[in-house]
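Me: I have a model open and would like to go through some of its local details with you. Could you take my questions as they come?

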Amino acid sequence: MKKGIIILGSSRSNGDTFKAVSYLKDITGFEIIDLNQKDIGHYDYEFKNNDDDFNFLFKGVVQNYDTVVFATPVYWYTMSGIMKTFLDRISDFLKNEKDYGRMLRGKNMALISCSNDDDRPEEFALPFSRSASYLGMNYVGDMHSWVKEDELPIEVKEKMNAFALTIK
């Protein structure tokens, strides 16, 4: 089984959050899935989005990776809409095809957030840590990154290096 995957949930595929996860990819070897490049519909109780990209993507993640790193910019003090949609859609596998949903148990979850400064709201990681607990996953931590003058500051790179050790 492959070690880890980074799920990038940003409206800009090459934005600041991508800069952060690219750095993490370089030091961990984790692959990146860009949700912005996928067709993933919103969760609905009638499962009308069964033919979009989510089912194939989710099955690939649970079958092939031990660690899932969610990466999202901070939008309006919370995760991006595309990341929220991805998390909501996990419910598809708690209702239908439960065997795939159960495959999350025992896997690791981590979070990277990104904004313009070291100013992430204290509660930002709560939906992720609580979701990990609910899904039977191990929440192994989170870190906040930011970009200055189109670069990751040294301080962020040092934090990312330490963070990488906790998720490998």
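**Contacts and packing**

Reply: Happy to, and we can begin with S80, which touches G9, S10, T72, P73 and Y75, leaving aside residues up to four places away in sequence. Please keep in mind that this is a predicted model.

Me: Where does S80 sit, and is S80 buried or exposed?

Reply: S80 is placed in the loop between β3 and α3, and its relative accessible area is 1%, so S80 is buried.

Me: What about Y77, which loop is that in, and is Y77 buried or exposed?

Reply: Y77 is also found in the loop between β3 (65-73) and α3, but with 64% relative accessibility Y77 counts as exposed. The phi of Y77 is near 70°, which is a positive value in a residue other than glycine. Most residues other than glycine have a negative phi.

Me: What is the phi of E149 like?

Reply: E149 has a positive phi of about 50°, although E149 is not a glycine. E149 lies in the loop between β5 (138-146) and α7, and E149 is exposed, its relative accessible area being 79%.

Me: Let's switch to helices. At what angle do α1 and α7 pack?

Reply: Helix α1 (residues 16-28) and helix α7 (residues 154-167) pack at an angle of about 50°, and their axes are 10 Å apart. That angle makes α1 oblique to α7, and the crossing in which α1 passes α7 is right-handed.

Me: Which residues make that contact?

Reply: On the α1 side they are A20, Y23, L24, I27 and T28, while α7 contributes K157, M160, N161, F163, A164 and I167. By class, the residues of this contact divide into eight nonpolar, two polar and one charged.

Me: How far apart are L111 and F124?

Reply: From C-alpha to C-alpha, L111 and F124 are 10.0 Å apart in space, and they are 13 residues apart in sequence.

Me: New topic, α2. Which of its residues are buried?

Reply: In helix α2 (residues 54-64) the buried residues are F54, N55, L57, F58, V61 and V62. They cover an arc of only 165° around the axis, and therefore lie on the same side of α2.

Me: Why does N55 count as buried, and what does N55 touch?

Reply: N55 has 10% relative accessibility, so N55 counts as buried, the cut-off being under 20%. Not counting residues up to four places away in sequence, N55 touches N50, R89, D92 and F93.

Me: And R89, where is that, and what does R89 touch?

Reply: R89 is found in helix α3 (residues 81-89), and R89 counts as buried because its relative accessibility is 1%. Besides N55, R89 touches I40, G41, H42, Y43, N49, D52 and F54, again not counting residues up to four places away in sequence.

Me: What separates R89 from Y45?

Reply: The C-alpha atoms of R89 and Y45 are separated by 10 Å, and the two residues are 44 residues apart along the chain.

Definitions and conventions
Residues are numbered from 1 along each chain as its sequence is written. This is a predicted model: local features need pLDDT of at least 70, side-chain atom pairs count only at pLDDT 80 or more; totals for chains, interfaces and linings use all residues. Side-chain values use heavy atoms; hydrogens and water are left out. Buried means under 20% relative accessible area, exposed over 50%, partly exposed in between (1.4 Å probe, protein chains only). Helices (H or I, at least four residues) and strands (E, at least two) are DSSP runs, numbered from the N terminus. The arc is that of the directions from the helix axis to the C-beta atoms. Axes are lines fitted to C-alpha atoms, for helices over the stretch in contact, and angles run from 0 to 180 degrees between N-to-C directions. Angles under 35 degrees count as roughly parallel, over 145 as roughly antiparallel, 65 to 115 as roughly perpendicular and the rest as oblique. A crossing is left-handed if the near helix is turned anticlockwise from the far one by less than a right angle, and right-handed if clockwise. Contact means heavy atoms within 4.5 Å. Ala, Val, Leu, Ile, Met, Phe, Trp, Tyr, Cys and Pro count as nonpolar, Asp, Glu, Lys and Arg as charged, and the others, Gly among them, as polar.
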